[in-house]
Amino acid sequence: MYPPAPSFLDSIPIPPQSVILAVYYQKQWAFVHAQETDSYQCLHGMWEPDKESADKAVRRILLEKIQAPSYSVQNLCSYSITGDNGEEIRGACYLIQVDYVESAAPDVVFLDGAPAKWTYPDTHPSLFRRAQNFVQTQGFTIVSLREEPEYLEQAIAYFQEKWADEKNRMMYDDALRSSIPAKNFLPQWYLLLDGQTIIGCAGLISNDFISRGDLWPWLCALYVEPAYRGKGCGGKLIGKAVEDARRLGFTHLYLCTDLSGYYEQYGFSYLGIGYHPWGGQSKIYQGNL
């Protein structure tokens, strides 16, 4: 189970109180190693907007640990958490993609991915995943509902809008809502974001209302907004489902569809015909993981 995620905000909070930097360099991520607890943290520091601009705050925090003459800055997201004393703490997270590192502080380490132990498990893991997703999806962010349950209500509304009718609206409501506390590793539900705007969705489930109950898991409910089609967005959602299915130990991923020529480009091949409980049939495709 992932640690509690901070609440993501639509804009930079005023006044922000902290800045977290996810630093990416040569396909690795920079972390500060806290030796006393043998844990890791993203580069971070305080920001007082009345004393310095956002650009200066980012540069100051970066240069405290890493001498990097060339880098790019992406305003990744804003966040809000509640401290132990009940006080709201607001901040901003930036993705720093470094072109060249001249030197780094002795406590800075570069890792391929997330560390095993976080110094601040209530904030840094969720923000790091946001940065990691941004890099992996070239600007679009894939949200896993189990990892970021604060998107639950938005996800329910979006899946219902794209896939439900009046007869099965509550099916999506219950399916997504029940997945949050589920002990089983399926189902998984995903949203694709452009900034804070939902532009697509998909699911990874145990059976997609198809007669082949001997096959699982299934990619389901794949949808991409028309304005974003032809940009590889569907492939990003498929890639996330493939990644999770592979991580969970599966060797194949299945889907049922009436389309021809789309899923083949992502490595799926026609397997046969399956039958739905309400009548009718669909083609079944299999992808090797």
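Predicted model: local features only at pLDDT ≥ 70, side-chain atom pairs only at ≥ 80, totals over all residues.
Residues are numbered from 1 along each chain as its sequence is written, and side-chain values use heavy atoms, with hydrogens and water left out.

**View 1. Helix α5 and its surroundings.** Helix α5 (residues 233–247) spans 21 Å from first to last C-alpha, close to the 21 Å expected at 1.5 Å a residue (1.5 Å times one less than the number of residues). Helices are DSSP runs of H or I with at least four residues, and strands are runs of E with at least two, numbered from the N terminus. Because 11 of its 15 residues are buried, α5 is largely enclosed by the rest of the structure (buried: under 20% relative accessible area, 1.4 Å probe, protein chains only). Among them are L237, I238, A241 and V242. The buried residues of α5 pack against strands including β12 (188–194) and β13 (197–205) (contact: heavy atoms within 4.5 Å).

**View 2. Strand β17 and its partners.** Six of the eight residues of β17 (residues 281–288) are buried, so the strand is largely enclosed by the rest of the structure. β15 runs antiparallel to β17 through six bridges, with C256 partnered by I284. Seven bridges join β17 to antiparallel β16, where F268 is partnered by G287 (pairing requires at least two DSSP bridges). β16 and β17 form a hairpin with five residues between them, and G279 in the turn has a positive phi of about 100 degrees.

Key. Buried < 20%, exposed > 50% of the residue type's maximum accessible area, 1.4 Å probe, protein only.
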